[in-house]
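Here's a quick tour for anyone meeting this structure for the first time. Have a look at the sequence and the model, then read on.

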Amino acid sequence: MIIDCHGHYTTAPKELEAFRQRQIAGLKDPSQSPSEAPKITDDQIRQSLETAQLKLQRERGTDVTIFSPRAMGMGHHIGDAKTSEQWSRVCNDLIYRVCSLYPQNFVGVCQLPQSPGVPPANSIPELTRCIKELGFIGCNLNPDPSGGHWSDPPLTDRFWYPLYEKMVEFNVPAMIHVSGSCNPNFHATGAHYLNGDTTAFMQFLTSDIFRDFPSLKFVIPHGGGAVPYHWGRYRGIAQDLKRPPLAELLLKNVYFDTCVYHQAGIDLLTKVIPVENILFASEMVGAVKSIDPETGHYFDDTKRYIEALPWLGAEDKRKIYEGNARNVYGRLNAQLEGRFSASKATRAPV
């Protein structure tokens, strides 16, 4: 089984964005605020996926996508905690409908209702709802709800600890993922995303968070930002700071995905980061949608890059494609077993 750990609902029906625009308009004029969730039919959901994510799953030979709301759309810097709570609930409910319509193709991960300056504990009720009621297996955690101004404490501050306690209780990881940038210095997908990945790793390196939470797990997407490329720098910084070696300090808790869109980048990732810490991902349909003129293939067809690595044996590829995701997402096995068993049970005997 090939499990893509990083997919967003970037092709959601236009009614979702229309709802969001009314919600934003309502911040200035309450009479514009939507009074109910957007009306989206099952057929609209099917259409939005059949021509995009599902089509690409079939063409590229992947099986299951761990699916969440559009990261750029989280917009935690917009409005207040109430705004974010309403928006997150609408987005998460839509992901639940996707997973219900296509239980063999998608497993849910939730958007958290974060807001600048608001304690992360505020997100616990929505996390609980999504895990306990909707069957989700993780969350996306924004290390910078301010959208590029980094006004909240670092991820290693006790400010975040109540949320981590709940994650450990539920046995769910978080993918570190910023949202849109409202700072013109940082292009969202080209700078802000990768800054967030790199910054989170450095925060973990300088802290004892995993001494406090030995089973807490994070996935750093986009290949870890700058981290694999500068692995020697981080090893040296840890050594100069009298920190333990990185393998001991971080690699039981921190994982990286393969959303790296060229062969040389994947080569580097798999040479620097242990195979056990790499999860297959593509982020399709995501940050880069076009075809690479140098290869003739889509930039985000990351399975091709893994297959081209001569130093990875069958067992290494199995870990990257499937085994590591099952290990990191502690609730995934039960979800997959239940869904595929139910599918087999409903098939007519031959």
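A contact, as used here, means heavy atoms within 4.5 Å. What you're looking at is a predicted model, where local features need pLDDT of at least 70, side-chain atom pairs count only at pLDDT 80 or more, and totals for chains, interfaces and linings use all residues. Residues are numbered from 1 along each chain as its sequence is written, and side-chain values use heavy atoms, with hydrogens and water left out.

**The overall picture**

- The protein chain has 14 helices and nine strands; these are DSSP runs numbered from the N terminus, with helices being H or I of at least four residues and strands being E of at least two.
- Its radius of gyration is 20 Å, close to the 20 Å that the globule rule gives for 350 residues, so the protein chain is as compact as a globular protein of that length. (That radius is taken over C-alpha atoms, and the rule is 2.2 Å times the number of residues to the power 0.38.)
- Along its principal axes, the C-alpha trace spans about 60 × 55 × 45 Å.
- Of the 350 residues in the protein chain, 54% are buried; buried means under 20% relative accessible area, exposed means over 50%, and partly exposed is in between (1.4 Å probe, protein chains only).
- Take the contacts between residues at least 6 apart in sequence: 77% of them join residues at least 24 apart.
- The protein chain exposes about 15,200 Å², and carbon and sulfur atoms supply 52% of that. These areas come from the Shrake-Rupley method with a 1.4 Å probe, and for residues only the protein chains shown count as cover.

- Strands of a sheet pair through backbone hydrogen bonds, either parallel or antiparallel. In this model, two strands pair if DSSP finds at least two bridges between them.
- Strand β1 (residues 3–9) runs parallel to β2, and five bridges join them. One spot to look at is His 8, whose bridge partner in β2 is Ser 68.
- On to β3 (residues 106–108): three bridges join β2 to this strand, and the two run parallel. Here Ile 66 stands opposite Val 107 in β3.
- Between β2 and β3 the chain passes through helix α4 (residues 81–101), making a right-handed β-α-β crossover. Right-handed means that, with the strands pointing away from the viewer, the path from the first strand over the helix to the second runs clockwise.
- Why is β2 (residues 64–69) largely enclosed by the rest of the structure? Six of its six residues are buried.

**The six-strand sheet**

- Six strands make an open sheet with parallel pairing, in the order β4-β5-β6-β7-β8-β9.
- The edges belong to β4 (110–111) and β9 (278–279); each has a single partner strand, so one side of each is left without a neighbour in the sheet.
- At the β9 end, β8 (residues 254–257) runs parallel to β9 and two bridges join them. Phe 256 has Ile 278 in β9 as its bridge partner.

- Cys 139 is buried, at 1% relative accessibility.
- Cys 259 is in no disulfide either, and the nearest cysteine sulfur, that of Cys 5, is 6.7 Å away. Cys 259 is buried too, with a relative accessible area of 6%.

**Loops worth a look**

- Thr 11 sits in the loop between β1 and α1 (14–25) and is partly exposed, at 22% relative accessible area. Leaving out residues up to four places away in sequence, Thr 11 touches Ser 48, Leu 49, Ala 52 and Gln 53.
- Most residues other than glycine have a negative phi, and most peptide bonds are trans.
- Trp 150, in the loop between β5 (139–141) and α6 (161–170), has a positive phi of about 50 degrees although it is not a glycine. Trp 150 is partly exposed, at 27% relative accessibility.
- Lys 242 also has a positive phi, near 65 degrees. Its place is in the loop between α9 (231–240) and α10 (246–249), and at 73% relative accessibility Lys 242 is exposed.
- The peptide bond from Met 284 to Val 285 is cis, with omega near -5 degrees; Val 285 lies in the loop between β9 and α12 (302–307).

Methods:
A disulfide is a pair of cysteine sulfur atoms within 2.5 Å.
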